[in-house]
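Please open the model in your viewer and keep the sequence panel beside it. The stops below say what to select next and what is found there.

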Amino acid sequence: MYNARAYSAAGAASPLARTTIARRDPMDHDVQIEILFCGICHSDLHSVRNEWSEFMGTVYPIVPGHEIVGRVTNTGKAVTKFKTGDLAGVGCLVDSDRTCPRCKAGLENFCPNLTLTFNSPDKYLGGVTYGGYSDSIVVDERFALRVPANLGLAGTAPLLCAGITTYSPMRRQGVGQGKKVGVVGLGGLGHMGVKFAHAMGAHVVVFTTTPNKKEDALRVGADEVVVSRNADEMKKHTNSFDFILDCVSADHDVNAYLNLLGMNGNLTIVGAPAKPLGVHAFALIFGNRSFSGSNIGGLPETQEMLDFCGAHNITADVEVIPIQKANEAYERLLRSDVKYRFSIDMASLKSE
Ligand SMILES: [Zn+2]
Ligand SMILES: [Zn+2]
């Protein structure tokens with residue numbers, strides 16, 4: 001065991017503050033990573049404030065963060081994928097049972113015995129796992145991703161959660177050339193969705209409630225922008241989409257978007273509104289439409305996504321902050337006051 005620097009919260013009402021945590025020494029299959037950047041995901045905030053207590057109560061102190069990029073500083077003797085000095089990424093999970101059908105299919109994200117990057121029981125040290133708001137992490141090489149060398153690291157961090165969350169459903173639904181794709185909401189998830197759909201060759205339409213986001217939507221790769229409050233504009237797109245990615249976390253009328261799907265069209269939701277959404281059966285029945293959800297991705301697909309980003313030069317648009325501004329960033333996140341994701345420069349933790 002060794003001591004790592006980190007930022008943790010002591011309770012649901014406590015701010016994040018400087019602390020020291022224990023990390024395991026690298027075992028045979030482990031890589032030790034010096035964390036250079038960690039993205040701030042909305043689920044960090046939900047977990048720190050114990051807002052998801054019904055299905056995963058927070059154990060305090062909590063060190064959040066599951067959008068991690070850094071450099072390998074040490075490897076166990078059986079490691080083959082990395083050597084010291086390589087870039088590496090860690091996303092939402094750091095372990096699984098590796099033996100169940102889902103793990104064997106490369107869908108570790110749905111393993112019944114998965115270990116999340118933070119706030120999951122830690123098999124090795126006891127207590128719970130600690131995430132990326134830290135200067136280092138130790139993880140089995142199977143759960144570390146290779147990071148393309150051409151990408152800016154601050155903008156690469158959010159790919160590990162926001163990136164795979166939006167990439168996976170697009171691949172599953174066959175987004176590509178000749179397809180018409182809608183992205184609802186231009187935020188942390190939405191702007192990634194637009195970049196991926198555009199790079200996959202689709203015709204991309206962004207739906208936003210905010211007319212002043214139009215220019216930005218076009219800049220990140222949209223072909224058209226529709227202000228969703230404008231009923232006439234919405235109507236023009238009835239029955240025309242192959243796929244719509246719904247990234248809205250606030251309450252909204254999902255039927256308005258289901259009605260824009262063509263035959264066999266699919267709407268996948270990746271935003272998480274607190275209240276149930278009222279779906280009209282006829283919005284699905286007419287045209288054999290489907291309504292799905294999606295939850296990050298397995299390790300092989302996460303690697304595929306990173307490689308795709310390397311080939312197409314895709315990163316998230318980020319505002320880089322020192323870790324001392326993490327509490328302030330949470331307040332701004334609640335006001336959607338960020339374009340489009342915060343990325344913590346972990347060098348700031350060393351200077352403290
Ligand atoms: Zn996340
Ligand atoms: Zn498994």
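Select the zinc ion (ligand 2) to begin: Asp97 (OD), Cys100 (SG), Cys103 (SG) and Cys111 (SG) coordinate the zinc ion at 2.0 to 2.3 Å, where donors are N, O and S atoms within 2.8 Å of the metal (3.2 Å for Na, K and Ca) and water is not among the atoms, so sites may look incomplete. The angles among the 4 donor atoms run from 98 to 119° and the site is tetrahedral, a label that for four donors requires all angles to lie between 85 and 135 degrees. For comparison, ideal angles for four tetrahedral donors are 109.5 degrees.

This is a predicted model, in which local features need pLDDT of at least 70 and side-chain atom pairs count only at pLDDT 80 or more, while totals for chains, interfaces and linings use all residues. Residues are numbered from 1 along each chain as its sequence is written, chains are lettered from A and ligands numbered from 1 in the order in which they are written, and side-chain values use heavy atoms, with hydrogens and water left out.

Next, colour Asp97 and Cys111 by accessibility: Asp97 counts as partly exposed because its relative accessibility is 23%, whereas Cys111, at 5%, counts as buried (buried is under 20% relative accessible area, exposed over 50%, partly exposed in between, with a 1.4 Å probe and protein chains only).

Then select strands β12, β11, β10, β13, β14 and β15, which in that order form an open sheet of 6 strands with parallel pairing; strands are DSSP runs (E, at least two residues) numbered from the N terminus, and two of them pair if DSSP finds at least two bridges between them. The edge strands, each pairing on one side only, are β12 (224-227) and β15 (290-293).

Conventions:
Helix = DSSP H or I, 4+ residues; strand = E, 2+ residues; numbered from the N terminus. Tetrahedral: all angles 85-135°; square planar, octahedral: opposite > 155°, others 65-115°.
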